[in-house]
Amino acid sequence: MGWFMRYKHYLEPLFAPRHIAVVGASERPGSLGQSVFSNLMVGKLASNNEDLRLSPVNPKYKTVYSLPCVKRLQDLPEPPDMVVVVAPPAAYTEILGDCKEAGVTYAVFIKPQDEQSDDQQTIFVATRMARRLGIRLIGPTFFGMIRPSAGINASTYGDWVHSGNVAFVGHSASLCSAILDWAAERRIGFSAVMSFGSEASSLEYGEVLDFLANDSATEAIILHIHHTMNGRRLMSALRAASRIKPVLILKTGRGDDKGIQAEYRVAHPISHEEVFSCAMKRAGALQGDNFGQIFHTVGALANKFRTQGNRLSIVCNGLGLGLIAADEAITKGIELAEFDSKTYQALSKKLPNLEIGNPLNLATVPEAEQFGRAVELCLDNSNTDGVLVVYSPQGYDPVRFLKTAEVVADLQKKSAKPLFLSWVGGKKIEEATNLFANNGCLDFAQPEYAIGAFHDLVRFHENRKMLRSLYVEKYRSSMMTHEVGKAKEIIAQVKEQGRVVLSEYLTKKLLACFDIQSNYTTTAANKEEAVKQAELIGFPVALKIDSPDILHKSNIGGIALNIQNKEELDAAYDDVCNHVMVNAPYAAIDGVSIQRMLPEHHIREVKISIVRDPIWGPAIVFAASSNIAYDRAVALPPLTETIINQMIEQANVSAMLGSYKHMHPVDKDALYDVLFNVSEIACELPEISELDIDLLLSPQGAMVADARALIGGVVPEKPYGHTAIMPYPRHFEQSVVLRDGTPVRIRPVRALDSERVQNFVRGLSEQSRRTRFMSNIKELSEEVLVNFTRLDYDRDMALLMINQEHDILGIARYAADPDLSACEFAVTVSDAHQGKGIATILMNSLFYVARCQGFKTMYGEVLANNTNMLAMSAKLGFIQHDDEENDDEEIVIIVKSLTEAEERV
């Protein structure tokens, strides 16, 4: 956490306000103003928050609950941190004007549930006005927001909400209320609860997520998302938050994307829901399967359950229930744990007459203590990552039944591993479940819910491990030889002709700009030219109609394959033209294309597509050609080797790519190259709205058999602004000559630079490492190295200066604060190359990048005895900051404004 983050985050006044004004506050029983204002007063008293000040605002009253009431916000002696508005929608625009005049930045609009449909236009105008005035608006919503730790209940929910460690943010007021009611019965508390409402709040999910990710009171985050307008912002925030704490997503509105499917004219249609799910997976977030599972995962997260693996032990008092739980675990891909020798011997000794296995059936164990000891041994098993106890009231003995519940409840509180309890039944289990609730223990009504919660914990562990692990993607030199400019020229020519469809011939020319090889294709305007071209190519050939108006040629009989000679070509040409005249009389015909027929031996066909989602931008679809509607994978660019491996597995084509039906394995590296290069097309060419490739794979390589593309994508103002994830920002690369004449290259760091960066740090002198890292480390830990080289370029940046031998001469980097307005920098130059102006050049380049990314301030922490750095930073415009809260006299804080533009070095 940087220096700026020791101070208030810009959302702090919203989550921890010291002064709240309520417009529409009232004492009238049953009114919305009375309900919300009394909830605020009760919250203030219950939390004993003496610092919180409440100000009623209502022209009808002089006092509300003995507190002085003003007519308008402007009448308050000082602007409140937050305003809660409970007035009718018709008054929203006037109140927003008052907010602006009174200096209010944050507002929560709570509307009555009997609101009429004709108020929707009024609300829409108000939300647009809030954005224009710079007022951060939550709602309008039926619910509001609650911050239990601060004693703030600015909502319509009348019951007290316990303070806890789970934050819930969503659109639905009813879902907020349902979760709070469910949690109250189980003594589960929350760090924050917020409803955005169904309208477009001027506050975004990504902003709230950034605050909660760094909120010490929050250990897990639940997001209910019905719609979002800024996929890029949310994606960046999710990726940052998921590295720190679990983020669980409940998505609704799956039936709202039927119109999106209709937009796809070239590639096979996919739904917005598919793209959303792959975005959540890429971000490391957990997407809940259903409403019920969300509830139970909330409980597991609130109880701080975490797991380090996928192995589950099941203990039961009846084999039937144990087998049901085991089947559910296997269905979800959870491994049933095996007992190590030590545990097996201890269980055999403790339970001499029982068969030791998983599930472990303790139906004949009479004593609660003996039952508990068996559960404890399962927890101690080195091969176990979690334990589920399933218990039913068979052979019901009230005393033993309750005593067993007490024993396992005590174990759950003490266990470092997750211990799931599922007491199954009805009236006979009420006393046990009450005991669990009163002791803050988590109990699942059905073992399937417990299995689902464990599965979510496993996914969080795996996601976090992946996000924090160091893996080096294979470097592909083709990335540096792409002719992006030439590809853009092809697109510009098509646009000049007033077309949006690239012919097969032009699409293949565009693919060639990205090193994607196609089956040789030429065009002919008439039959005579077609014959000439076919003889030059050599029979057998394929003939296809060439028309910008026909996207799927085979559907209208526009293709003839395996033509063996001139006579067959004459007949095929006439047949194809006749089919087109009958089935597509509207189509403009440019002629035909001629291709060499490839031998079918050892060839497999796959389909690769780019589609454009309105929220998440380009997505890449991969499938076996015959099963694209079923077995397919969707991923967001930029692709990595890990993601490509996952796509191949998800599309169920691994077996087909290997030795298959007496065919030799295909060249898998060639497939990887094509997928990487299609990813580059998606990133570098925002004009491409859709692309469809039929790819032939063989042991000798990969060849495009057919390809079609649509243009029409909006070109963003900033490079890569159309993608959900910012790819490697090639536009920040530059060549520089040092003062001694040495030519060098400055470029952003890549994941493949991890070993190079580690060697750079190892080569620094002890003094250089101390001034850079303020410690005597000799090399970077794996986690720090991941943070250095696997960057979200939207937030963080590291620039390397590299000589012609690819040695790193210096590194300058910044890391964003969660508010994304300030960033903390660091710069290091190798000992052998100091005194050449490298640090100054790198810092000026870093200023340029930070400005391009929208940062307003850059700051750093420098050792007080590092006089060289302090002198250089002063020349670069940094100012030493007098920080009264900084008790460390060895540290100097320097700050620079980035609002004034400077030339790039």
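Rings of Phe, Tyr and Trp (its six-membered ring) pair if their centres lie within 6.5 Å. In this predicted model, a search of the whole structure finds 17 aromatic pairs.

**View 1. F15 and F211 form a stacked aromatic pair.** The ring centres are 4.3 Å apart, with 10° between the planes. F15 belongs to helix 1 (residues 12–15) and F211 to helix 6 (residues 205–213), so the pair ties together parts that are 196 residues apart in sequence. Both F15 and F211 are buried.

**View 2. F825 and F878 form a tilted aromatic pair.** Here the distance is 4.9 Å centre to centre, and the planes make an angle of 35°. Because F825 lies in strand 34 (residues 822–829) and F878 in the loop between helix 28 (867–875) and strand 36 (879–881), the pair ties together parts that are 53 residues apart in sequence. F825 is buried, at 8% relative accessible area, and F878 also counts as buried, at 6%.

**View 3. Five residues form one aromatic cluster.** The members are F371, Y391, F401, W423 and F436.

**View 4. K111 lies over the face of F142, and R813 over the face of F788.** K111 is 5.0 Å from the ring centre of F142. For R813, the distance to the ring centre of F788 is 4.4 Å.

**View 5. N803 lies in a loop between two strands.** The loop runs between strand 32 (797–802) and strand 33 (808–816). N803 has 14% relative accessibility and so counts as buried. A polar atom of the N803 side chain lies 2.9 Å from the backbone nitrogen of D807. Not counting residues up to four places away in sequence, N803 touches P743, V744 and L809.

Methods. Residues numbered from 1 in each chain as written. Predicted model: local features only at pLDDT ≥ 70, side-chain atom pairs only at ≥ 80, totals over all residues. Heavy atoms only, no water. Helix = DSSP H or I, 4+ residues; strand = E, 2+ residues; numbered from the N terminus. Buried < 20%, exposed > 50% of the residue type's maximum accessible area, 1.4 Å probe, protein only. Polar contact = N/O pair within 3.5 Å; in protein donor to acceptor, adjacent residues only side chain to side chain. Contact = heavy atoms within 4.5 Å. Phe/Tyr/Trp six-rings, centres within 6.5 Å; stacked < 30°, edge-to-face > 60°. Lys NZ or Arg CZ within 6 Å of the ring centre and 35° of its normal.
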